[in-house]
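Visitor: I am new to this structure and would like to be walked through it slowly, one question at a time.
Guide: Gladly; let us look at it together and begin with the overall form.

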Amino acid sequence: MITLHVNGTTRTVDDDPQTPLLYVLRNTLELNGAKFGCGLGQCGACMVLVDGEAVTSCVIPIAALEGKKITTLEGLGSGDTLSVLQRAFIEEQAAQCGYCTAGMIVRAHALLSRAPAPSNAQIREHMETNLCRCGVHLRILRAVRRASNELQKGGRQEGQP
Amino acid sequence: MSASGTTISRRELLAAGSGLVVSFSLLPALRLRAAESGGLPGSLDRAPMLDAWIRIDEHGKVTVFTGKVELGQGMKTALRQIAAEELFVTPESIELITADTERTANEGYTSGSHTIMDSGTAILNAAAQVRAILLSAAAQKWSIPQARLRADNGFIVSDDGKRIGYGELVAQRLHVAASERSRLTPPDSYRYIGKSLPRVDIPAKVSGGAAYVHDLRLPGMLHARVVRPPSYSARLRTVDSSKVERMPGVVKVVRDGSFLAVVAEREYQAITAMHALAEAAQWDVPEALPAPNDLFSYLLRQPAQTSTIFERGTPATDSEGAFQATFRRHYQMHASTGPSCAVAQLKDGVMTVWTHSQGVFPLRGAIAQMLGIDEKRVHCIHLEGAGCYGHNGSDDAAADAALIAAALPGRPVRVQWMREQEHAWEPYGSAMVTKVRAAVKDGRVSSWQYEVWSSTHSTRPSNNAGNLLAAQYLAKPHEQPPPRPIPLPNGGGDRNAIPLYTFENAKVIHHFIPAMPLRVSALRSLGAYMNVFTIESAMEELAAQAGVDPVEFRLRHLDDPRARAVVEMAAEKFGWSRRTTAPGRGCGFAYARYKNQSTYAAVAVEASVDRSSGRIQLLRAVAAVDCGQTVNPDGVRNQIEGGFIQAASWTLFEAVKFDRSGITSRDWSSYPILRFSAAPQSVEVHIIDRPGMPFLGAGEGVQGPAGAAIGNAVAAAAGMRIRELPLQPALSVAFTASKRISESFAPCRSPRRTDCPSNRPRVHGRG
């Protein structure tokens, strides 16, 4: 049995300790946010935050995650209480198929938590790890920019509603 | 008085069979949108009963049905806008049901940018006809003239204050055949069509809501993985699965001929078992693919069905000084970010398949044939997948799931492909070769000869099991049907091969190659991407030969005012006439009308090329599009921006790698696509809206012009033209080569010159 701290709650799971986090999140904990994209850590569709860092959950076994704080897209906001970044993605209509969106938001969250006012070039460079196939790149960059601007305006941190 | 300010002079209700037939006799002054072909408008022609499209329950709840599917193109939003417009309800009050073989009309595939054209047109007209029925029912009920009635947000209201809900008037009474003509709301009073309503599917996608077939979790669901052969022609010699069967969680190993899969209680157990099973399997692996560095000559050596698809005037025979060039395009992938997935369950003799197929009806027939059961016993339901951009692995994953579920009656089985399976087994966009021979005289193209060589661009399910990957590997294999060319005007390899320019002497030849050494099918825009790339590259080179500005040169050969409008708008918004030149920077232009009958698009691009490495950087792009009546402008912009960036990725980076025995592009490092750093600073989209004109469909319109404008910008920036897609590997080689011999052999500075070795780099088998 492995105990995981996910989105502020403690969950004990009986998956094999070598199971990558992604499958436990999606199947055992029934969280849809993180997606299987490559299983190789190459595309970012499965990104979640582990102690605030954006990591590819498809390659990290749960055995390595006990005692760490895991945050998925759902942990950033859901339903009527979306985060500034999530709202910015809606406002910029920054999705087509949306399969990469969760990873994009998680990845951007890690940046804005660390550096609330990044330059456009910094945003672009930071997002380089994540693949989008629909070609929504410029909308995604605009959404991150918008979220950053709104956070600065409101004197808030990303992750606070 | 109706909302459109017009009245119906006479209405006849004729009882016919189980339903009602409504026919309208209309005032000649009414604005009508009759079907162009003379039949019923859009897909009403395939499913003429109004309740196939629209149902209203006794509480007035409106449900709209479409046989098309959401691919991330925003159709769930746009179709609601269309229905709401003519029904006089709000878009958010409408429930929309997408393709389901038990519930919706059979609209074939969601492809060819046809969703709004086919389904949108059907729903627009059906909604207008339903509204007419509502008005007439209220008029009858209250015995007052229809002119005194109007539809208002779910109610019919009279000028003296009477009010009745849609549900009370027509609940369950819409089983009525559609009429050829509808009284449509005039565009100047539209409330929803033409507005950028936010997409209905995005909130779930940004917050982890269930949005995809991948998210479907049914009670008792098992997870399966397929062990695919090491190559197309490999066959399973033997496999000892006993160890795998004893692995934790493993429920079953399924083998039928060379189809091999494993089912487990949990997903990662299935993946672990899949790896073990792959280790245990022994395959015969013949070397059956062409040598990668011989690909294009291999294709040209294959038997081809040659047809002249266009002839006008008398094109010149080869003559001195004529322009002649051959272009090549490597195989390219759909490369969805989410590997294909499906869930299937055999229960009470019915196989239910949840799939992100683009065509649940033709898939149903194919699966039924594969399983040897009646198609009434197969139920295919569409749920969203990752963006597909054509026929990718979706149908094959559905077939996998059905085969495995058939071996485990009662249990739902979820299958998802691994990344390497998606890369190696999806059907690619065909490699192509094109050849142009042309001449200019007095500033115009005096002669144009064009040839295109291509394998098929569709091996979609088409009710035939032989088109499903798994079925080809069964002990009793289903043979893939011989490919056939897609007839023009749509076309496959010859889509957009016929130039729309007013060339006086022109001839176009299509060489359809039945052979397909690599698995191929429909990739966004099919042959149009390569044909437009070729035509528009040649136009830029011919303009240079003629000494005429490339935009002016195109306009000289365009007489369609809508074509001219997008060309002029793109040029103006880009600042084409004011563009400056600097070393290593260049601008390019391109135009096409998709399928020669759909969306008009013109694109201008600025790019830079690093003179030491040959590295291309896109700087900015401007597109002008006319897709007829625009339903959702931001949706169109999103499609055009995304289409541009995807075409940029194809054009700069993408080629499927393989060796004699199989595909070697098996992940994102061996098949790199565009990442953020390679995206331009901006892609500006200008829409020329055509209120009241037919919908043309925006999804694929920019692929060809985007690729060609990028090619032209890169040629201008590099001072040399690469005629092989993708451009970046070839250009890098060319610059490296030209650097090596820089003292003795300067690279060509003129894009016109084709005699310089650095203008003809050939890079095979690399991406």
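Guide: The radius of gyration is taken over C-alpha atoms, and the globule rule is 2.2 Å times the number of residues to the power 0.38. This is a predicted model, in which local features need pLDDT of at least 70, side-chain atom pairs count only at pLDDT 80 or more, and totals for chains, interfaces and linings use all residues. Residues are numbered from 1 along each chain as its sequence is written, while chains are lettered from A and ligands numbered from 1 in the order in which they are written.

Visitor: What radius of gyration does chain A have, beside that of a compact globule?
Guide: The C-alpha atoms of chain A fill a box of roughly 45 × 30 × 25 Å along the principal axes. Because chain A has 161 residues, a compact globule would have a radius near 15 Å, and the value for the chain agrees with this: 15 Å.

Visitor: What percentage of the residues in chain A is buried?
Guide: A residue counts as buried if 20 or more other C-beta atoms, placed from the backbone, lie within 10 Å of its own, as exposed if 12 or fewer do, and as partly exposed in between. Applied to the 161 residues of chain A, this gives a buried share of 58%.

Visitor: Which strands stand at the edges of the sheet in chain A?
Guide: Helices (H or I, at least four residues) and strands (E, at least two) are DSSP runs numbered from the N terminus, and two strands pair if DSSP finds at least two bridges between them. The open sheet of five strands in chain A has mixed pairing and the order β2-β1-β5-β3-β4. Each edge strand has a single partner, so one side of each is left without a neighbour in the sheet, and these strands of chain A are β2 (9-13) and β4 (53-56).

Visitor: Which residue in the turn between β6(B) and β7(B) has a positive phi?
Guide: Strands β6 (residues 149-152) and β7 (residues 155-158) of chain B are antiparallel and share four bridges, with D152(B) standing opposite F155(B). The two strands form a hairpin with two residues between them, and the turn residue with a positive phi, of about 50°, is N153(B).

Visitor: And which residue has a positive phi in the turn between β7(B) and β8(B)?
Guide: Three bridges join β7(B) to the antiparallel strand β8 (residues 163-165) of chain B, where R163(B) is the bridge partner of V157(B). Four residues lie between these strands in their hairpin, and the one in the turn with a positive phi of about 95° is G161(B).

Visitor: Which element gives the largest share of the side of chain B that touches chain A?
Guide: Two residues are in contact if their C-beta atoms, placed from the backbone, lie within 7 Å, and the contact takes 49 residues from chain B and 49 residues from chain A. Elements of chain B that give two or more residues to this side are α4 (202-207), α6 (267-280), α14 and β27 (682-687). The largest share, eight residues, comes from α14(B).
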